[in-house]
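This briefing covers domains, ligand contacts and salt bridges. Please keep the sequence and the 3D view open while reading.

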Amino acid sequence: MTAPILEVRDLHKSYGPTPALRGVTFQVERGAIFGLLGPNGAGKTTLLSILCGLLRADSGQARILGLTVSPDDGVFRWHIGVVPQDLALYEDLTARENLVFFGQLYGVQGHELKKRADEVLAAVGLTDRADRRVRTFSGGMKRRLNLGVAIMHRPSLLFLDEPTTGVDPQSRNHIFEEVRRLNAAGVTIVYTSHYMEEVQALCGRVGIIDHGRLIAYDTVANLLRSLHGVIRLRLLGEVGCLERRLAALPGVERLQVQGATVDLECLDVKATLVQIVALLNEQKAELVGLETEEPNLERVFLHLTGRALRD
Ligand code: ATP
């Protein structure tokens, strides 16, 4: 197995009396899209700032491609790209000029610089706006350019800090597509968000951070498997003897009946539903209401903390 591209060990950071990170340890394999999910104030930006060498940890270590991460040691920076939460663009320059400027800062030169700017403009869907000043762009277009700036020098590891905050659906899709395309081209991605749907859709492995601690660190599939799906049925009339038959269906873990309403917890919502429908048909029972809830990362967070992700 190859060495992880990013290794983080026991990071601590406080701002005066306020602890922001309280012993964070994880690693990211090459080629992964790793999601860092947590509510506002959980410590995500602090963690990313340390990993980008912008902020010094109080204790603990981080390594990128085996290189020590530190504000004093710049070598690792050539390998990373950073898309910060706040836009870092020159509003009076055009999109192309921004890309050229930041590309040069990272050592891209000559013919390659022009070629790369054209490629990046196409990738983030801004070719037709290339020569317009950034101040005339919508928020979503600026976010797309912010991503473009970070990939001019073809980094191996890209950090994205809540890249879709406040963007329109079209820009969000461009960002998603570009993240997937970059990853397919071999770029490892660390993606932070408090939108669990994004993390669930994009990431293989996830760290859930809360109050400066990693409270879960696993594949999305495993985290979701730790919860049951829920099916709520409302029948016409009493549930009666159906209760026993429903409880006996394979994969049904728990069942609660209240009047004509049945709440079932099951391992696989779709498979259980197929069996429920067959049973109801056989028993000539009439269904008047149906709700289902698949496990999702929001519920994983609720399960672990007792709070909603977006309190
Ligand atoms: P958000 O999603 O809102 O950006 P976050 O998960 O990125 O949140 P951080 O910005 O890392 O969280 O903040 C972690 C904690 O540290 C919070 O309690 C925050 O108030 C505090 N904090 C962050 N930056 C500073 C600072 N410069 N000075 C003092 N406290 C800070």
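A residue is called buried under 20% relative accessible area, exposed over 50%, and partly exposed in between (1.4 Å probe, protein chains only). By that scale Arg96, at 24% relative accessibility, counts as partly exposed. The model is predicted: local features need pLDDT of at least 70, side-chain atom pairs count only at pLDDT 80 or more, and totals for chains, interfaces and linings use all residues. Residues are numbered from 1 along each chain as its sequence is written, and side-chain values use heavy atoms, with hydrogens and water left out.

**Domains**

- The domain assignment, which is automatic or taken from a database, gives domain 1 (6-224) and domain 2 (228-294).
- The centres of domain 1 and domain 2, taken over C-alpha atoms, are separated by 44 Å.

**Ligand surroundings**

- The ligand is surrounded by 13 residues, where a residue is near if one of its heavy atoms lies within 4 Å of the molecule.
- The closest of these residues are Gly41, Gly43, Lys44, Thr45 and Thr46.
- By residue class, the shell divides into 4 nonpolar, 7 polar and 2 charged; here Ala, Val, Leu, Ile, Met, Phe, Trp, Tyr, Cys and Pro count as nonpolar, Asp, Glu, Lys and Arg as charged, and the others, Gly among them, as polar.
- At least two shell residues come from each of β2 (18-28) and α1 (44-51); helices (H or I, at least four residues) and strands (E, at least two) are DSSP runs, numbered from the N terminus.
- Helix α1 gives the most to the shell, with 3 residues.

**Contacts with ligand oxygen atoms**

- A polar backbone atom of Gly41 is 2.7 Å from an oxygen atom of the ligand.
- In the side chain of Thr46, an N or O atom is 2.5 Å from an oxygen atom of the ligand.
- For Gln85, a polar side-chain atom lies 3.4 Å from an oxygen atom of the ligand.
- Taken alone the ligand exposes 630 Å², and the protein buries 61% of that; the areas come from the Shrake-Rupley method with a 1.4 Å probe.

- Side chains of opposite charge can pair when their charged atoms come close.
- The whole structure holds 22 salt bridges, each a side-chain nitrogen of Lys or Arg within 4 Å of a carboxyl oxygen of Asp or Glu.
- Lys44 forms a salt bridge with Glu162, and their closest N and O atoms are 3.4 Å apart.
- This pair links distant parts of the chain, 118 residues apart: Lys44 is in helix α1, and Glu162 is in the loop between β7 (157-161) and α5 (169-184).
- Lys44 counts as buried at 4% relative accessibility, and Glu162 is buried with a relative accessible area of 6%.
- Asp118 forms a salt bridge with Arg96, with the closest N and O atoms 2.6 Å apart.
- That pair also links distant parts of the chain, with Asp118 in helix α3 (residues 110-123) and Arg96 in helix α2 (residues 95-105), 22 residues apart.
- Asp118 is partly exposed, with a relative accessible area of 30%.

- Glu119 forms a salt bridge with Lys115, the closest N and O atoms lying 3.6 Å apart.
- Both Glu119 and Lys115 lie in helix α3, 4 residues apart, which is about one turn of the helix.
- Glu119 counts as partly exposed at 31% relative accessibility, and Lys115 is partly exposed with a relative accessible area of 38%.
- A network of salt bridges links Glu112, Lys115, Arg116, Glu119 and Arg154.

Note on methods
A polar contact is a pair of N or O atoms within 3.5 Å; within protein, one must be able to donate a hydrogen and the other to accept it, and residues adjacent in sequence count only if both atoms are side-chain atoms.
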